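Please have a look at the sequence and the structure first, then read on.

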Amino acid sequence: MAITISNAYIETFENTVRQLAQQKQSLLRKAVTEVNKQSESHNWERLAASEARAKTSARMESPAGGNGSGAVGSTDGLVWDRRKTTIATFDTGEVIEAEDIVQMLVEPKSASTENLVMNMNRAVDDIIIAAATGGATDGSGSAVPVPAGQTVGDYTGEIDLDFVLEVQEKFDENDVDPDEARFFVIGPKQKRKLFQLIEVVSGDYQDKKALATGYMPNFLGFNWIVSNRLNAPSAGQLDCFAMTKKALGLHVAGDIRSRVAERPDMSFAWQVYLMMNMAAVRVEDEHLVWAKLADTV
C-alpha cells in the first residue's frame, strides 16, 4: 500500500521579499561636486593659476595681463577655459501582471521598485567612474584625456604604502589644499592588501581598530571607498583613482524618480518605471590621480 501522508505536508513562505546582496546606495556621489540644474548641458568654468612679476623700478608700466609674465605692455591675460557635461537619460523598469499580484503572498510592486532604485543608484556610480578616467569634454567639444603626469602605476604592482605615498605626492606637487577631503576608490583585493600592512592595522599607527571593525581607517588622509564597479582593462588589472570633491562634477538635471501605473495596452498590468538625467565630467585634473594597479594579492 502506498504511503500518502506526504500529500498533507504544508509548505510555508516568507511574507517579505529578500533583496539579494547588492550595493544599495551610490558610494561615490558624496565624493564629487554636484549641481542640480534643469538644462541640456552645463559648463564648468576653470581659471588657471597665475604668477606675480617683480617690480624692478619706479613707475613701471602696469601689467596689462594678469598672467605675471613680467613683460611691459604684455596683453596676455588670465587663462580661462571650461569643461562641459551633456545630460544623458538612464531608465529601468519592470512589468507586473495583474494575475501575478493576486497569486503571490508578497506585494511585488513595492519590492520591484526598491530593487530598481538600487540599480539606479549603482548606475550613478558608473557615470562617475566613467568620467574619472575617461575623456573630459572641453568647451569646444574636444576630449581631454587624463594627463600622463596624473597617473601612478602600470598595472604590474599591487597597492602598498609607497604607492599610496606616491599618490599623495601628486596632490602635494599640484598644491592641492590639504583641507580638501580626499577619497581613494579601490577594489576588494586592494583593501585586502592594505589590511596586510602593519601601518594600517597596528594601534601604533592608527587610533581606529581596522581589524576589529573590518573598516578602513582614515589612512594617510584618505577616505577609502571600496567598489566592485571599477574598470578592469584586462585580467588582473584595475583602474582605481584618488580624488577630491573638486575633481569631478556631477550635473543632475533630473534625479532618480519613479512611477507605478497601470498599462491599459498590456491587459492593465502594472508598469514600474524609473529614470534619471545626469552627466559627469572631470573638472580639475590636478585633483585626480589615476592609480593603475594589479588586481592581485
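The notes below go from the whole chain to single residues and their partners.

This is a predicted model, in which local features need pLDDT of at least 70, side-chain atom pairs count only at pLDDT 80 or more, and totals for chains, interfaces and linings use all residues. Residues are numbered from 1 along each chain as its sequence is written, and side-chain values use heavy atoms, with hydrogens and water left out.

**The chain as a whole**

- The protein chain has six helices and 13 strands; helices (H or I, at least four residues) and strands (E, at least two) are DSSP runs, numbered from the N terminus.
- Of the 297 residues in the protein chain, 37% count as buried. Here buried means under 20% relative accessible area, exposed means over 50%, and partly exposed is in between, with a 1.4 Å probe and protein chains only.
- The protein chain has an accessible surface of about 17,200 Å², and 49% of that belongs to carbon and sulfur atoms. Accessible areas come from the Shrake-Rupley method with a 1.4 Å probe, and for residues only the protein chains shown count as cover.
- Take the contacts in the protein chain between residues at least 6 apart in sequence: 76% of them join residues at least 24 apart. Contact means heavy atoms within 4.5 Å.

**Aromatic rings**

- The structure holds five aromatic pairs. Rings of Phe, Tyr and Trp (its six-membered ring) pair if their centres lie within 6.5 Å; planes under 30 degrees apart count as stacked, over 60 as edge-to-face and the rest as tilted.
- One of the pairs is phenylalanine 184 with phenylalanine 222, which is edge-to-face, at 5.1 Å centre to centre and 75 degrees between the planes. Phenylalanine 184 lies in strand 8 and phenylalanine 222 in strand 9 (residues 222–226), so this pair ties together parts that are 38 residues apart in sequence.
- Phenylalanine 184 counts as buried because its relative accessibility is 0%, and phenylalanine 222 counts as buried at 0% relative accessibility.
- Phenylalanine 184 also forms a stacked pair with tryptophan 224, at 4.8 Å centre to centre and 10 degrees between the planes. That pair links distant parts of the chain, with phenylalanine 184 in strand 8 and tryptophan 224 in strand 9, 40 residues apart. Phenylalanine 184 and tryptophan 224 are both buried.
- Ring pairs link Phe171, Phe184, Phe219, Phe222 and Trp224 into a cluster.
- At tryptophan 290, the ring has the charged end of lysine 292 sitting over it, 4.5 Å from the ring centre. A charge sits over a ring if NZ of Lys or CZ of Arg is within 6 Å of the ring centre and within 35 degrees of the ring normal.

**Salt bridges**

- Side chains of opposite charge can pair when their charged atoms come close.
- Ten salt bridges turn up in a search of the whole structure; a salt bridge is a side-chain nitrogen of Lys or Arg within 4 Å of a carboxyl oxygen of Asp or Glu.
- Aspartate 285 and arginine 83 meet through their side chains in a salt bridge (2.9 Å, N to O). Aspartate 285 lies in the loop between strand 12 (269–282) and strand 13 (288–294) and arginine 83 in strand 3 (residues 80–86), so the pair ties together parts that are 202 residues apart in sequence.
- Is aspartate 285 buried or exposed? Aspartate 285 is buried, because its relative accessible area is 8%; arginine 83, at 3% relative accessibility, counts as buried.
- Aspartate 285 forms a salt bridge with arginine 282 as well (2.7 Å, N to O), and aspartate 285 and arginine 282 are buried.
- Salt bridges that share partners join Arg29, Glu34 and Asp255 into one network. Within it, the side chains of glutamate 34 and arginine 29 meet at 2.9 Å, N to O. Glutamate 34 is partly exposed, with a relative accessible area of 31%, whereas arginine 29 counts as buried at 18% relative accessibility.

**Asparagine 174**

- Asparagine 174 is in the loop between helix 3 (161–173) and strand 8 (182–186), and it is partly exposed, with a relative accessible area of 26%.
- Leaving aside neighbours within four places in sequence, asparagine 174 is in contact with Gln150 and Glu286.
- Asparagine 174 and aspartate 285 are 111 residues apart in sequence and 9.7 Å apart in space, C-alpha to C-alpha.
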